[in-house]
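This short report is for a reader meeting the structure for the first time. The sequence and model are shown below.

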Amino acid sequence: MIVLENGHVSEDALENYLLAQLQDSEAIEAQSHIAACPICQERMDELSQLVAAARLAPDALDAIRLELERGTVALKRPPLL
Ligand SMILES: [Zn+2]
């Protein structure tokens, strides 16, 4: 079972989905929710940009996560790299 937050795929699950870290059954669950949910599609677009940035600069992901936890950076804004 993937974790849902407020009826949507959680941030962690989305990230793991993008990184292909979910188990098959979880990935299918996430995929079917995302396919039917424009909100999660948008969140995934934003998160995939972060993941792409993190691939280029692996240390950046931790920094971005920290900023997100502090609430100083909203996911809507592009990451400041
Ligand atoms: Zn959703």
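Helices here are DSSP runs of H or I with at least four residues, and strands are runs of E with at least two, numbered from the N terminus. By that count the protein chain of this predicted model holds four helices and two strands. Along the sequence the order is β-β-α-α-α-α.

The protein chain has 81 residues, of which 14% are buried. Of the contacts between residues at least 6 apart in sequence, 47% join residues at least 24 apart.

Two packed helices are described by the angle between their axes and the distance between the axes. For helix 3 and helix 4, the axes come within 5 Å and cross at roughly 135°.

| Helix | Residue range | Residues in the contact |
|---|---|---|
| Helix 3 | residues 38–56 | L50, A53, A54 |
| Helix 4 | residues 58–70 | P58, A60, L61, I64 |

What kinds of residues form the contact of helix 3 with helix 4? Seven are nonpolar, with no polar and no charged residues there.

The average pLDDT is 83, and 88% of the residues score at least 70. Among the elements, strand 2 (residues 8–9) has the highest mean pLDDT, 96, while helix 4 has the lowest, 75. Where pLDDT is low, the predicted coordinates should not be read in detail.

Technical notes
Residues are numbered from 1 along each chain as its sequence is written. This is a predicted model: local features need pLDDT of at least 70, side-chain atom pairs count only at pLDDT 80 or more; totals for chains, interfaces and linings use all residues. A residue is buried if 20 or more other C-beta atoms lie within 10 Å of its own, exposed if 12 or fewer, and partly exposed in between; C-beta atoms are placed from the backbone. Two residues are in contact if their C-beta atoms, placed from the backbone, lie within 7 Å. Axes are lines fitted to C-alpha atoms, for helices over the stretch in contact, and angles run from 0 to 180 degrees between N-to-C directions. Ala, Val, Leu, Ile, Met, Phe, Trp, Tyr, Cys and Pro count as nonpolar, Asp, Glu, Lys and Arg as charged, and the others, Gly among them, as polar. pLDDT is the predictor's confidence in each residue, from 0 to 100.
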